[in-house]
Amino acid sequence: MSTRRYLPFLVAAVLVLAVGAVPALRADIPMADNAYIGSEACFDCHDQAELNMDFNIHMRIEKFEVLGREVGCEGCHGPGKLHMEESDPAMIRSFAAEEGYGEQVCMECHSTKNLYEWSASTHSIEQVECQTCHVMHKAKTPDPNKACVACHPDTVAQMQLPSHHPVREGQMSCSSCHDPHNSREFMLKTRMRKADLCYTCHQAIEGPWVFEHAPVEEDCSICHAPHGSVANNLLVANEPTLCLQCHDFHFHSGYRASDDLELEIGGIERENPWGPQGFNIAFTTNCTGCHSHIHGSDSPSQTTPSSGRGLIP
Amino acid sequence: MNSKMRYLLTVLLIVLVPGALLAQESESETTTRTESEVEIGVWDTSVDGSPDLVLEYEPDGTGPIIKADIISVMEKGSVDYEGEILTSNNMTNDLGFDFNRVFRSSNLLNIMLHRLGHEPLDHFQAVTNHGRVTWETDNNPDSEYEIDYQLFETWNEIQPRGMSNLTFGFGYRDQRRDGLRQQTAVSHCDACHVESMDRPMNEKTTDIGADLTWAGEWGYVRAGYKTRDYSDSPTSIPYTYDDALHPELRTPLFDNRVQYDLQSGPQEIDFRPDTTKDTFGVDGLWASRTGWNLAAEGIWSETKSDYEDITSDYNGYLLSLNKRFGEERRWGFRWRGRAYDVSVSDFFVDTIEQVGIAGPQAGKTYREIYDFDPDFNRQSSRNRDVIDSKADVSYRFNRTLGTLRFLWDYESVDREHFQVAPGTTKTTSNELGVSWSARPAKGWKTNVLLKFGDASDPFNGVNTQYSILESSPAGSPFAPEAAQYFEFHDARVAEGTASPESWTRFQARGTYTGNTASVTANYRYWDGDNTSGDLTDWSRMNQAASVTLWSSPAPRWQWYAGYTWNDSTLDTVATVPLFDG
């Protein structure tokens, strides 16, 4: 292993030391001379909020779940005593008031509750706020797919292409593969290689195999477009174009067949609908018609000269 | 349990659970609250032609649709169900419940039909040149290839009140694919005879996992284990190959170049070996008082094939740091580094070598006739050491001017055996980018991203393409003096790839949100090429533009419309003999 491999770690360490010298600041939330009064007191005035929040998870969680922090209205909005006494909107946390304020409050609980990586996520870095996707005063957060479409319309549009995962049919959602709160590559829900996420549902492909196909071992997305494609099986291009990027045609494909419309093959009269282009069409139309184990196989191909490597059972 | 029984049970669940809850409500009206929304409708779908192309995952015909969203909160817990049922093999069900918030459970049952399509293979029909042919036989021309897909998933957590820093999670996932799919096999020599046949499937993947998390103000530590078993039944199907005959004479008078044929009897093909995958992981996050978040994890995984006793090992380690700092936390810094290695055990392939049974090569193997050794030691192309690093520095000006972010992604993939250029197994890539996201005016949101990437020796097939620039024309393999098959492989001297050595990515998005409507315009462009191949070039360009409109003129009335334009160009070299490479 060469020393160049450690270069990114070295650069990062230097950056860490440099940045660490800058003191951290934390936005203050007004707490002085205040006290918690309970959600019921809030609902005396905010009756519409009571209706909306009746089944909200934030009204159902208990203090022990968030390591003793306050729950209910004041879990997010802070103590309400002064706000109630003086009817002053300035005396309570308002999430529309300041950019990034909501995230800080949410993370007070969620940094140790399921959203461990949020602060390192691309969404957080890009200032996507919690309220962008979540509706706090409803019983449930909207359909995850609808939350994503606002910023990722082209990706959602790809789901409408002829070959797609069953997202638009409701059997999957964006969050089946992506966790919008994590800091991983493409926010994928895997802690290993990208392919390991695919293996969650397609374990049959992982092998390990005796006869491998190198791009399968490299990266599924060399051949597949997971969000949707025009070509069948989520392929980035139709066969044989997809395969011809790396592979030569069979030598047979250059031969010309006969013009005869009827041929005797193996003692059987057969049609010859393709005429002289027969070899071209047979060997350049659908590679996986013969190479059906394109993801790998333990069965050797029949011919000795190929040493069984043709991925044909 | 068959699909009808599952359907019945699900309907019963929908009816009985709220019923039971409502019954309880009558006994203790003050502690149980239920809100439910049930929609009943009719669906109707008809298809002309091939339903697998336009209705891959949906039923066709007519039937009722039931959609329910029910939540009930009691003194000692809650139940929350959301589901949609079309048919016995098309439904989604989500059920969550908790007991005293100490035990929390989320459960999912999804069932759908997946049409696989039936490839007619008729492009193989009757190609011949002096009697040498490729032809096909569909043994089950009327079969409809489709599977029932079923996924059941449950994840449960226990967080004791007295030890709320600890959370114990455990789950089970059961995925099944039952049905019939198409399988092809090919017999060689006299002809390339492609045969299609039914392949029953009864695929089952089960995951059992558990983890333990210890969380506090300082962060968390978690350790987890998951084991996965995959099986299919039958594991393989029998197939009898044609007799290997001389292509010209259709007699056994020639060197035998197949490992097995009719004389070998039925062979087991299309192996789907049972596999077991065990994964153990430890991860944790430390949130320092100075605002640093430091996360680390280790993952160790082993996947084992039960058929050929091959094992694949993964060992990965990750370290990440991030911090917001400066006045009003305007500066942001993030770095993630990961190192992992993958190794698969070697496997010696001992090719079956038949002897010619007649003619001048009688009693000789292919190896003896052509001095060609077909045996080899398979060394896995999966084996590799990888290091990747992703670093960001961002600065937030204010709400109007937004956030400017600079990115640097680095990856080094050092493969143990697979060469991506002659004598080279390593790919190094760097990607630099800048992004700007802002809210320039009330209701407006914009985001622009520009990235440039460069890779040395990207994934590439060495000697996978034929080139008339380098290879001398080979004779007909059917003529007596012709080159042999492996010699044609030797004539492939050019590189082939579908991976870029340099690329540009640009994305721009703007959204305007009014009181009851929003409009979003988005443009995405990606352009990459690889001109470092020895004799072949490759390039690809994708771009998409979309406009979406959303409006909610009344609280329970929403509509949405979108239009997307996609453009993709692939420039690759299809070499001889069809085209001049």
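How many residues does the contact take from chain A and from chain B? It takes 138 residues from chain A and 196 residues from chain B, where contact means heavy atoms within 4.5 Å. The model is predicted: local features need pLDDT of at least 70, side-chain atom pairs count only at pLDDT 80 or more, and totals for chains, interfaces and linings use all residues. Residues are numbered from 1 along each chain as its sequence is written, chains are lettered from A in the order in which they are written, and side-chain values use heavy atoms, with hydrogens and water left out.

Chain A holds 15 helices and two strands. These elements are DSSP runs numbered from the N terminus, helices being H or I with at least four residues and strands E with at least two. Of the 313 residues in chain A, 51% are buried. Buried means under 20% relative accessible area, exposed over 50%, and partly exposed in between (1.4 Å probe, protein chains only). Among the contacts in chain A with a separation of 6 or more, 50% come from residues 24 or more positions apart. The accessible surface of chain A is about 14,200 Å², as given by the Shrake-Rupley method with a 1.4 Å probe. Carbon and sulfur atoms hold 60% of that surface.

The interface between chain A and chain B buries about 14,200 Å². This is the accessible area (1.4 Å probe) that two parts lose on being put together, summed over both. Carbon and sulfur atoms give 55% of the buried area. Across the interface, 57 residue pairs are in polar contact, both residues at pLDDT 80 or more. A polar contact is a pair of N or O atoms within 3.5 Å; within protein, one must be able to donate a hydrogen and the other to accept it, and residues adjacent in sequence count only if both atoms are side-chain atoms. Helix α1 (residues 7-20) of chain A supplies the largest share of the side of chain A that touches chain B, with eight residues. That side comprises 60 nonpolar, 47 polar and 31 charged residues. Ala, Val, Leu, Ile, Met, Phe, Trp, Tyr, Cys and Pro count as nonpolar, Asp, Glu, Lys and Arg as charged, and the others, Gly among them, as polar.

The rule requires a side-chain nitrogen of Lys or Arg within 4 Å of a carboxyl oxygen of Asp or Glu. Lys277(B) pairs with Asp196(A), with 2.6 Å between the closest N and O atoms. Arg384(B) and Glu218(A) form another salt bridge, at 3.0 Å from N to O. This pair crosses between chains, from strand β20 (residues 384-398) of chain B to helix α13 (residues 214-218) of chain A. Both Arg384(B) and Glu218(A) are buried.

Two histidines of chain B were examined in turn. His114(B) lies in strand β5 (residues 103-115) of chain B. His114(B) counts as buried because its relative accessibility is 17%. Its side chain makes a polar contact of 2.9 Å with that of Glu56(B). His188(B) sits in the loop between β9 (166-187) and β10 (191-216) of chain B. His188(B) is also buried, with a relative accessible area of 17%. Not counting residues up to four places away in sequence, His188(B) touches Gln302(A), Thr303(A), Ile312(A), Ala244(B) and Val258(B).
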